[in-house]
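Hi,

Here is the structure I promised to pass on. Have a look at it first, and my notes on what turned up follow below.

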Amino acid sequence: MSALAHNHVIHAAPTPRAGVLAIDAYVPGRSEAPGVAKVFKLSSNETSLGPSPHARAAYLEAAPYLADYPDGSARVLREAIGAVHGIDPERIICGAGSDELLALAAKAYLGPGDECVFTQYGFLVYRIATLAAGATPVVAAERGYTADVDAILACVTPRTRVIFLANPNNPTGTYIPYSEVLRLHRALPGNVLLVLDGAYSEYLRLPDYDPGLDLSLEVPNVLMTRTFSKIHGLAALRLGWAVGPAHVIDALNRVRGPFNVSGPAIAAGAAAVADLAHVEHSVAHNDHWLPKITEKVRALGLEVTPSVANFVLIHFEDAARRAAADAFLVSRGLILRQVGAYGLPNALRMTVGSEEANVLTIQALSDFLSGAKA
Ligand SMILES: *Cc1c(COP(=O)(O)O)cnc(C)c1O
């Protein structure tokens, strides 16, 4: 036996630390419908309108500089975000998607023995980030597929260090009013970091909604995260940002990779955030289609959770019926999101798509329910 092989026998294989093997790896929304000529991907809440043309141009203009390391602080992007939102760029951190920022928050504030609270149908990344940090996930029940502040507060113990709250939430599309966010924050011990995930906040124009930007600037324990993957149409570039107290931004900067955001992403993001007309156009598209899709799918006899984001959760009578509907839709190139991993085996999530995709999906659901064969 060689020395190396001998060594292998004596010592056990490398073992990940506690929590890692408890993670169910994130399974992204599908993107393929085998054998179908034209595919509509309505499974990952991407925008059907694409990015701002200025963002695309800025991305292409970055091509000659691929050999150079980017600015590790993403200063140009932080300044652009700061100018649009009225924030001191020092209070902003950028990440490779807001997923990275959620993971950095967990890495900096959670460890073994700590608890992290999120809600029953909360975004799956919260559980993954918590377990990856070696901490304990604590799940607060929801009411009517909506976060319940009293249930969240009932989960808070002396071990709680972080609360993740998507508002509105994915995959449910529901939200809680800002008054409820404030009530939650006021009841928390000062050493609990409240992370408000505003991945869809640009879509909301409701008087009782607020993503918590001012709160994150005023109090010492609120971090707000945002993404370029949804309304800004830059999911492929992996780009997000967060704003919060200086001491929290400092902690996240210490644990992030030194060049966590790429040069082309910095350039494209700075152009995207400044293109307010493109954002307005996207909001108008969603404002037109979200109620229409909800109404038409309900008229077919299916339950639709009331959504304020760019997607809807559609419920079928059971998991078998959902699976049959899913297969029927895929046979027509319409890819919706399975949400069994969220404990919602009877439901499919449909992203608001182009007019063509929306019309085809409603028609396909109608055909499926009236017994058509795929
Ligand atoms: C899509 C999404 C994100 C972020 O995605 P990134 O592409 O990593 O920025 C974060 N939170 C929620 C709730 C989402 O749905």
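Before the notes, one term: buried area is the accessible area, taken with a 1.4 Å probe, that two parts lose on being put together, summed over both. Keep in mind, too, that this is a predicted model.

Between them, domain 1 and domain 2 bury about 2100 Å², and 66% of that is on carbon and sulfur atoms. On the domain 1 side 27 residues are in contact, and they meet 27 residues of domain 2.

Towards the β4 end, strand β3 (residues 115-119) pairs with β4 in the parallel sense, over five bridges. To find that pairing on screen, go to Phe118, whose bridge partner in β4 is Val139.

There is also an open sheet of four strands, in the order β9-β10-β13-β12, and its pairing is antiparallel. Its edge strands are β9 (303-305) and β12 (337-338), each of which pairs on one side only. β12 is joined by two bridges to strand β13 (residues 347-351), and the two run antiparallel. Here a handy pair to look for is Gln338, which stands opposite Leu348 in β13. Helix α11 packs on this sheet, where it touches β9, β10 (311-315) and β13, and its direction makes about 10 degrees with that of β10.

α11 has a helix partner as well. The axes of α11 (residues 276-299) and α13 (residues 355-369) come within 11 Å and cross at roughly 5 degrees. Angles under 35 degrees count as roughly parallel, and α11 and α13 are therefore roughly parallel to each other. Who meets whom there? From α11 the residues are His285, Trp289, Ile293, Lys296 and Val297, and from α13 they are Glu355, Asn358, Val359, Ile362 and Leu365. The residues of this contact divide into six nonpolar, two polar and two charged.

- The peptide bond from Asn167 to Pro168 is cis, with omega near 0 degrees. Pro168 is in the loop between β5 (160-166) and α7 (178-187).
- Asn170 and Pro171 are joined by a cis peptide bond too, with omega at about 20 degrees. Pro171 also lies in the loop between β5 and α7.
- Asn45 is not a glycine, yet has a positive phi of about 60 degrees. You'll find Asn45 in the loop between β1 (40-41) and α2 (53-61).

That's what I have for now.

Cheers

Methods
Residues numbered from 1 in each chain as written. Predicted model: local features only at pLDDT ≥ 70, side-chain atom pairs only at ≥ 80, totals over all residues. Heavy atoms only, no water. Pairing = 2+ DSSP bridges. Axes fitted to C-alpha atoms, helices over the stretch in contact; angles between N-to-C directions. Parallel < 35°, antiparallel > 145°, perpendicular 65-115°, else oblique. Contact = heavy atoms within 4.5 Å. Nonpolar A, V, L, I, M, F, W, Y, C, P; charged D, E, K, R; others polar.
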